[in-house]
Structures are given as structure tokens and as C-alpha cells.
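Please look through the sequence and the model first, and then turn to the points below.

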Amino acid sequence: MKKVISENLKTLVYALLIAVFIRSIFIQPFYIPSSSMEPNLLVGDRLFVTKYSYGYSKHSFPFSPPIFKDRILSKRPEIGDVVVFKTPADNRTDYIKRLIGMPGDTIQFIDGLLYINDLEIFKDIKSDKDIIFCGDKTIEVNTFNEKVSDKTFKTVYGKYYTFQNSQKFIVPDKHYFFLGDNRDCSKDSRFLSSVGYVHENNLVGKAQFIFFSSDTRKGSIFEIWRWHELIRIDRFFKKIK
């Protein structure tokens, strides 16, 4: 009996070690809890993030152990990437936003319009009648196809551009500037006291695709009898742009 228990414990330990290894080195699941990345990521989306995309830092591992000081096998992210990172405020909380500014870039909002390095970012309006979530409330938005560098993605701005004007943000060396796609409903690098510029060591990984999604606003996934209205099958295995 003792031998059976011992073997089972060994198997469990090995399984946990393998799971931690895969989670730390290759791929990790994440859950979307807020509406800051709507319409591209919805509350209740579950997605996979590749840990190897930008190399590794202590934040690549559970509980951020001080294994090494800087990044190893470091790779530079690209403008437009959707990135999971640890917030500079506590170095523990995971945020997911879109990379907008590289080291040395200047970012500014003028009359609700986004400028990078003093150039207005091109936006092609798709709809001026959309309604999306902002927390527990809904807001009227204008929906655009926005092009930054060579990437085009969907963004939304409040109907009256509630975030009108900002200071000129100058991204420091080895730091990055992030925005939520739901531009008037996102706590991101514009808010220096809570997020601000994100150091390269705080990058966790690149969001790749959604593997599961359920509308948690309508109910719990454990309500099996309601799966027909809760589960968003059309979002399964959807690539994140």
C-alpha cells in the first residue's frame, strides 16, 4: 500500500513539474476579466499566450522568483502586438493591452486623435452606431480600423472622445507604451501612476489565439443547461490580431 501511495505521489509531482515547465517556457492560458480590449477581446475569453515570443524574465515563471535580473533570449516585440505584462505598480498583476509605443517614441492624444511621433494615426471608420461594454455599463462608440506601423486592427472610441487631450508621453529606453483597444475605457500607459511605461522585463508573452469563450455576464459556465446561450463557439480558436 505504501509503495502504491509513493508511486502516485511521484507521478503527481512529475505531472506538476511538467505543467510548470510548459507554462513557464512555452504557453500559458489567460482569462479576460475586463472590457478594456473590446471589441477584439471580450470578458470571458480564454486565450493562449506564448512565453517564448519575447524571451524570458523572472516574470515568465510562477510567483516571479528572482532567478535572473534581466531578460534572456530577449526578442523585441512589434508595434501592434497584443501583450500580457506585469503592471509596474505591483509587478504581480497581469494586464493585457496592445503595444503602441517603442523606446524613444512620443505618444500624444490631441482632440481625441492619436499621434505617434507627431504623426496622426490613420483610422478608417467602420461604424458610428456601435454599443459596447465599459465595465458593467454600455457606451456608444465609433468603431475604426486603425493602422499602426504595418498592422491594422479594430479599435473603438467613445462617441464624444472622452479622452480628448494628453501630455506628450516620451517612452524611456527599455520601456514600452500600451493602450487598450477600447480607448475610452482602459487603464493603460496613459495613466502613469497606475500603469505608465512598462519595462521590458515585465513582458510575460504574446497573445496568440482564443481557445474558449463564454459570456460570463449572463451566467456561470457551470450552468450546463445554459451552455447554448453562454458559450461563444464562434470565438473558439480565433487568432488574435
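**Overview**

The accessible surface of the protein comes to about 13,200 Å², and carbon and sulfur atoms hold 60% of that surface; such areas come from the Shrake-Rupley method with a 1.4 Å probe, and for residues only the protein chains shown count as cover. This is a predicted model, in which local features need pLDDT of at least 70 and side-chain atom pairs count only at pLDDT 80 or more, while totals for chains, interfaces and linings use all residues. Residues are numbered from 1 along each chain as its sequence is written, and side-chain values use heavy atoms, with hydrogens and water left out.

- Along the principal axes, the C-alpha atoms of the protein fill a box of roughly 75 × 50 × 30 Å.
- The secondary structure consists of 2 helices and 15 strands; these are DSSP runs numbered from the N terminus, with helices (H or I) of at least four residues and strands (E) of at least two.
- The protein has 241 residues, of which 46% count as buried; buried means under 20% relative accessible area, exposed means over 50%, and partly exposed lies in between, with a 1.4 Å probe and protein chains only.
- Among the contacts with a separation of 6 or more, 58% join residues 24 or more positions apart, where a contact means heavy atoms within 4.5 Å.
- There are 37 positive and 28 negative side chains, and the centres of the two sets lie 7 Å apart. Lys and Arg count as positive and Asp and Glu as negative, whereas His and the chain ends are not counted; the place of a charge is NZ of Lys, CZ of Arg, CG of Asp or CD of Glu.

**Strand 2 and its partners**

- Strand 1 and strand 2 are paired in the antiparallel sense over 5 bridges; two strands pair if DSSP finds at least two bridges between them.
- Within this pairing, Gln-28 stands opposite Val-49 of strand 2.
- Strand 2 is also joined to strand 14 by 6 bridges, and the two run antiparallel. Here Arg-46 has Phe-212 of strand 14 as its bridge partner.

- An open sheet is formed by 4 strands in the order 7-6-5-11, with antiparallel pairing.
- Its edge strands are strand 7 (119-120) and strand 11 (169-170), each of which pairs on one side only.
- Strand 5 (residues 106-110) and strand 6 (residues 113-116) are antiparallel and share 4 bridges. Gln-108 has Tyr-115 in strand 6 as its bridge partner.

**Aromatic pairs**

- The count of aromatic pairs comes to 11; rings of Phe, Tyr and Trp (its six-membered ring) pair if their centres lie within 6.5 Å, and planes under 30 degrees apart count as stacked, over 60 as edge-to-face and the rest as tilted.
- One of these is the stacked pair of Phe-48 and Phe-211, at 4.3 Å centre to centre with 25 degrees between the planes. Phe-48 belongs to strand 2 and Phe-211 to strand 14 (residues 203-213), so the pair ties together parts that are 163 residues apart in sequence.
- Phe-48 counts as partly exposed at 23% relative accessibility, and Phe-211 counts as partly exposed at 23%.
- Phe-163 and Phe-191 form an edge-to-face pair, with 6.3 Å centre to centre and 65 degrees between the planes. Phe-163 lies in the loop between strand 10 (151-158) and strand 11, and Phe-191 in the loop between strand 12 (175-179) and strand 13 (198-199), so this pair ties together parts that are 28 residues apart in sequence.
- Phe-191 is partly exposed, with a relative accessible area of 34%.
- Phe-48, Phe-209 and Phe-211 belong to one aromatic cluster.

**Backbone exceptions**

- Most residues other than glycine have a negative phi, and most peptide bonds are trans.
- The peptide bond from Glu-38 to Pro-39 is cis, with omega near 10 degrees.
- Asn-91 has a positive phi, near 55 degrees, and is not a glycine. Asn-91 is placed in the loop between strand 3 (82-86) and strand 4 (94-101), and it counts as partly exposed at 34% relative accessibility.
- Phe-237, also not a glycine, has a positive phi of about 60 degrees. Phe-237 lies in the loop between helix 2 (227-230) and strand 15 (238-239), and it counts as exposed at 62% relative accessibility.
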